[in-house]
Amino acid sequence: MTSSQLHIDLSAISDNYRTLHSLTRQTTKTAAAVKADGYGLGMEAVSGALYQAGCATFFTAQIQEAISLRAAFRDKGYDGANIAVLEGPHTKDLALYEAHKLTPVINHPGQAEALAAYQRRSGKRLAAILHIDTGMNRLGYGQDTHDLLIGDNSPLAELNLCLVMSHLACADEPENEYNRFQLEQFQNLTASFASIPKSFSNSGGIFLPPSYHFDLTRPGIALYGAMPDPAMQNKHLKPVVSWYADIIQIRNLKKGECAGYGAMFTAEAPTRLATIAAGYADGYARALYQPQKGGIAKVEIAGKHVPLAGRVSMDLLIADVTSLSDAELQSANKACLLGPHYGLPEMAADRNTISYEVLTGLGDRLTRLYDGAYAS
Ligand SMILES: *Cc1c(COP(=O)(O)O)cnc(C)c1O
């Protein structure tokens, strides 16, 4: 066990899955985005819990993630899972898609042609997802290729499409008119794919009206307990992750003594400091301490909030624990950096980012400990 631990509540992830599922239309199914190692929480553990909760479709970003997930599912005997890869297939990887039963997301006509050619050559047909861009201008058939979506000569006619999808750019802003614009685009562009299931909504889209839900939603961040935007009110989701780090030294400063890089913290009176074994290399952002404002982040030791005292360094933090009694300090050997006292949205807002970046930035040195019904 390393000096920093993430407690990940798999039951909360399962509960969030069921909650998100219940917020959509009766006939809508719920997939899961588990890219970037399950948003930093451990793709295998997270996906296993979600599979147990009834999730049958998993989205990764890259093919290597999907191959790992397939292997993990095979070990557990979870044979019913579909695994789709968002990045779109390289031609050279099509045999891997076939071998590992992965579903490529076809993002442009070149990929459709390559898959059609592969199928002709191999005599095999792969299930594939068609991604149509409706305004994000990132992945998917864009404006300039929309006319290639239809017509018998299109290689798409040769593909075994199991889903047509698009992605919302502003789903985290329910009032943004761009959502409606994209919805109309999606409805128009998919009219010729009437018999194929549709997928449109990420987490944010689930909180938009039911007309955004279609046949399959693809939540990511909400499964992990956070709303897509720190400003959105969270009435539905359970927090999933807490972060604890060992206190590895206590020291007493006299008035006028300094602490940390740049000697940014100066004791205004006799002060007691705790040195904590976590830093920016673990994903604890340096921006959480600002020399002018002091410690922005809330650290909790022995149930009390304590401020950061000095710069966040690579492997270490310093907290001012003067307010704790000797007994409190003796009983505490850990500091809670992220948890009920200071949640993901708050930490994200304090460092000027979104919960996604906080989660996916949590470092490899952190031991991931799983609680809940599906921990193994
Ligand atoms: C990451 C991703 C999702 C999940 O998004 P969240 O905002 O985390 O719910 C869904 N669809 C696509 C295409 C994605 O890239």
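**Contacts, rings and ligand**

Modeller: Leaving aside neighbours within four places in sequence, Asp 282 is in contact (heavy atoms within 4.5 Å) with Trp 243, Met 314, Gly 361, Leu 362, Gly 363, Arg 365 and Leu 366. The model is predicted: local features need pLDDT of at least 70, side-chain atom pairs count only at pLDDT 80 or more, and totals for chains, interfaces and linings use all residues. Residues are numbered from 1 along each chain as its sequence is written, and side-chain values use heavy atoms, with hydrogens and water left out.

Biologist: Is Asp 282 buried or exposed?

Modeller: Buried means under 20% relative accessible area, exposed over 50%, and partly exposed in between, with a 1.4 Å probe and protein chains only. Asp 282 has 3% relative accessibility and therefore counts as buried.

Biologist: How is a pair of aromatic rings described?

Modeller: The description uses the distance of the centres and the angle of the planes. Rings of Phe, Tyr and Trp (its six-membered ring) pair if their centres lie within 6.5 Å; planes under 30 degrees apart count as stacked, over 60 as edge-to-face and the rest as tilted. A search of the whole structure finds 12 aromatic pairs. In one of them, the ring centres of Tyr 39 and Tyr 356 are 6.1 Å apart and the planes are at 35°, so this pair is tilted.

Biologist: Where in the chain do Tyr 39 and Tyr 356 lie?

Modeller: Helices (H or I, at least four residues) and strands (E, at least two) are DSSP runs, numbered from the N terminus. Tyr 39 belongs to helix H2 (residues 35-39) and Tyr 356 to helix H11 (residues 355-360), so that the pair links distant parts of the chain, 317 residues apart. Tyr 39 is buried, at 5% relative accessible area, whereas Tyr 356 is partly exposed, at 24%.

Biologist: Which pair is edge-to-face?

Modeller: Phe 186 and Phe 214 form such a pair, with 5.0 Å from centre to centre and 90° between the planes. Both Phe 186 and Phe 214 are buried.

Biologist: Which polar side-chain atoms lie by an oxygen atom of the ligand?

Modeller: A polar contact is a pair of N or O atoms within 3.5 Å; within protein, one must be able to donate a hydrogen and the other to accept it, and residues adjacent in sequence count only if both atoms are side-chain atoms. A polar side-chain atom of Tyr 39 lies 2.5 Å from a ligand oxygen atom, and one of Tyr 356 lies 2.6 Å from a ligand oxygen atom.
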